[in-house]
Amino acid sequence: MKRGLEEEIESEEEVNNNNNAVAGGKKKKKKVVKKSKPVPLTKSVPQVSSQPLRPTKLVPKKKTEIREININDIGSNELSATDQRVEADGVLAGLISPTIIEDFYDQYFGQKHLYVKRNGDNIYKNFFTKDSLDKMLRNNLMKFTENIDVTNYVDYQRITLNPEGRAYPSLVWKHYKEGCSIRLLNPQTFNSNVWKLCSTLQTHFQCGVGANIYLTPAGAQGFAPHYDDVDVFILQLEGKKEWRLYNPRDASEVLPKKSSQNFTQEEIGEPYFTVTLEAGDLLYFPRGVIHQAVSPPDVHSLHITVSTYLNNTWGDLIGKVLNRALEIANEECLEFREGLPRDYTQYLGVIHSDKVGDERRKELTDKVGTLWDKLGQLLPIDIGADQMAIKYLLDSLPPVLTQLEKKHSIEDEATSMKIKPETRFRLIRPDSVRLVVEDIAILFHNADNTRIYHQVGEEPGVIEFTLECVDALEHIIDSYPSYIYAKDLPVEDDDQKLDVVSALYEKGLIMFEK
């Protein structure tokens with residue numbers, strides 16, 4: 001049975017917890033087809049060059065000048081109304097300043113920590129405070145374990161003290177006064193500032209971005225030493241906190257795929273870096289860096305941890321490519337479908353691995369090598385990239401629209417906009433869509449996502465189009481951030497031009513120039 005992009009998304013979600021081909025479609029339709037569940041498939045298989053790969057920069061050099069943007073100004077600066085990608089770059093630039101983005105990726109990201117000291121200049125002032133936390137508790141139905149943790153670290157043991165049910169403010173503050181740390185697990189769901197920060201940074205990183213917020217009383221520690229499976233940015237919002245960083249214990253823990261268990265002090269040795277963050281400071285370190293933090297005896301600590309790059313590695317991409325390559329091989333190559341020899345278990349397996357000179361074993365291992373070589377000629381790299389991009393849309397937060405974007409889109413329209421050939425429009429967010437061309441054209445999007453992780457289900461939103469619409473959709477995506485006329489879309493049929501624009505408008509993906 002053939003499988004496409006959707007099954008890859010579903011199977012990965014089962015692992016993380018943290019398709020049948022479209023057939024029988026008429027390719028000469030002139031109307032936009034909108035369905036709820038695509039099942040794309042492709043047989044286009046690019047040939048892999050035999051030339052060795054050159055070193056790849058994580059991020060290409062930017063030609064556009066990057067202006068630093070304070071996190072309190074997201075959505076309200078002059079770049080918010082032009083190109084949101086440039087604004088996203090500016091937000092990261094503001095966080096890591098005076099280090100520039102190019103140096104950050106060349107020297108720090110995925111490699112070592114970066115400490116930014118701001119000498120008392122709290123550039124995060126009013127972004128999120130203890131009062132913000134109190135308002136969240138009072139204005140929302142927040143539950144222990146699901147939305148909030150109460151923890152302590154006593155006698156080198158991490159203790160979670162979560163009651164059952166709703167996290168009433170009086171109960172949370174009672175634990176805090178008794179020396180417990182408070183951890184908000186998904187503050188972006190309840191606080192718009194955190195939502196804006198995560199949504200904007202995911203545009204820069206082009207992968208999911210999450211956040212936790214930690215409030216720790218003076219002289220307390222909430223968590224045992226450990227490492228995470230994500231890269232993190234620590235933004236000290238209030239008070240102070242001492243951080244201790246430790247090297248990975250061995251090479252297998254460098255950039256790990258899974259978070260660690262809690263460590264004892266004896267297991268991690270001495271820290272290679274110790275620093276006390278004050279309000280306004282920032283600390284970045286890659287996944288795999290063992291860390292622990294404690295607030296000083298005279299002041300509390302409030303910080304936000306922004307995390308990214310979960311399962312966003314070359315290995316993840318290659319895993320998707322290999323899975324699809326094997327499906328293609330099973331579909332198209334008879335050798336892969338032939339039955340195994342009856343005697344293979346007598347020569348293959350760990351207990352037979354020492355039979356180096358056995359001719360039958362060599363014959364069988366040579367056969368596996370031959371099939372592996374053939375598999376290497378069927379690597380659908382572009383399909384793997386599409387699957388990664390679609391997984392990002394599924395995991396991502398919906399965009400936070402500015403007042404201008406709301407005013408000029410379906411968001412605030414009292415009545416539906418009548419689209420005409422002279423209508424000028426553009427995408428609201430270019431990273432909110434992904435066009436995949438299969439037997440039909442499928443536009444995946446995150447406009448239906450909510451601020452609750454995966455609340456929409458196991459697949460992102462979709463709009464299906466006939467293949468005649470591909471050039472028009474590519475033109476719309478490539479034109480961002482410029483406005484374009486509906487009449488200029490490269491589709492022969494005028495009605496179909498308007499159908500394409502209407503489909504995007506009805507999903508809240510475009511805005512109009514008025």
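Begin by selecting strands β12 and β13 (residues 441-445), which run antiparallel and are joined by five bridges. The model is a predicted one, in which local features need pLDDT of at least 70 and side-chain atom pairs count only at pLDDT 80 or more, while totals for chains, interfaces and linings use all residues. Residues are numbered from 1 along each chain as its sequence is written, and side-chain values use heavy atoms, with hydrogens and water left out.

Some terms are needed at once. Helices (H or I, at least four residues) and strands (E, at least two) are DSSP runs, numbered from the N terminus. Two strands pair if DSSP finds at least two bridges between them. Strands of a sheet pair through backbone hydrogen bonds, either parallel or antiparallel.

**First stop: the sheet of β12, β13 and β14**

Within the pair already selected, find Val 433; its bridge partner in β13 is His 445. The three strands form an open sheet in the order β12-β13-β14, with antiparallel pairing. Its edge strands, each pairing on one side only, are β12 (433-437) and β14 (461-465). On average, neighbouring strands of this sheet are turned by 20° against each other, direction ignored.

Next, display helix α11 (residues 381-395), which lies across β12 and β13 and runs at about 145° to β12. Such angles run from 0 to 180 degrees between N-to-C directions, and axes are lines fitted to C-alpha atoms, for helices over the stretch in contact. Then display helix α13 (residues 470-479), which packs on the sheet and touches β12, β13 and β14. The direction of α13 makes about 150° with that of β12. Contact here means heavy atoms within 4.5 Å.

**Second stop: strand β2 and its partners**

Select strand β2 (residues 148-154), where six of the seven residues are buried. A residue is buried under 20% relative accessible area, exposed over 50% and partly exposed in between (1.4 Å probe, protein chains only). Strand β4 (residues 181-184) runs antiparallel to β2 and is joined to β2 by four bridges; there, Val 150 has Ile 182 as its bridge partner. Strand β3 (residues 157-160) also pairs with β2 in the antiparallel sense, over four bridges.

Centre the view on Val 154, which is found in β2. Is Val 154 buried or partly exposed? Its relative accessibility is 36%, so Val 154 counts as partly exposed. Val 154 stands opposite Gln 157 in β3. The hairpin of β2 and β3 has two residues between the strands, and Asp 155 takes a positive phi near 55° in this hairpin. Val 154 and Gln 221 are 67 residues apart in sequence, yet 8.0 Å apart in space, C-alpha to C-alpha.

Move to strand β6 (residues 231-246), which contains Lys 240. Lys 240 has 34% relative accessibility and therefore counts as partly exposed. The C-alpha atoms of Lys 240 and Thr 276 are separated by 6.5 Å, although the two residues are 36 apart along the chain. Leaving aside neighbours within four places in sequence, the contacts of Lys 240 include Thr 276, Glu 278, Pro 296 and His 300.

**Fourth stop: two helix pairs**

Two packed helices are described by the angle between their axes and the distance between the axes. Select α2 and helix α6 (residues 192-205), whose axes come within 8 Å and cross at roughly 105°. This makes α2 roughly perpendicular to α6. Angles of 65 to 115 degrees count as roughly perpendicular, those under 35 as roughly parallel, those over 145 as roughly antiparallel and the rest as oblique. Among the residues making the contact are Ala 88, Leu 92 and Leu 95 of α2 and Leu 197, Leu 201 and Phe 205 of α6.

For the second pair, select helix α4 (residues 130-139) and helix α5 (residues 169-177), which pack at an angle of about 140° with their axes 9 Å apart. These helices, α4 and α5, are therefore oblique to each other. Lys 130, Leu 133, Asp 134, Leu 137 and Arg 138 in α4 meet Pro 169, Val 172, Trp 173 and Tyr 176 in α5.

**Last stop: Ser 97**

Finally, select Ser 97 in the loop between α2 (84-96) and α3 (101-107). Ser 97 is buried, because its relative accessible area is 16%. Apart from neighbours within four places in sequence, Ser 97 is in contact with Glu 68, Val 116 and Arg 118.
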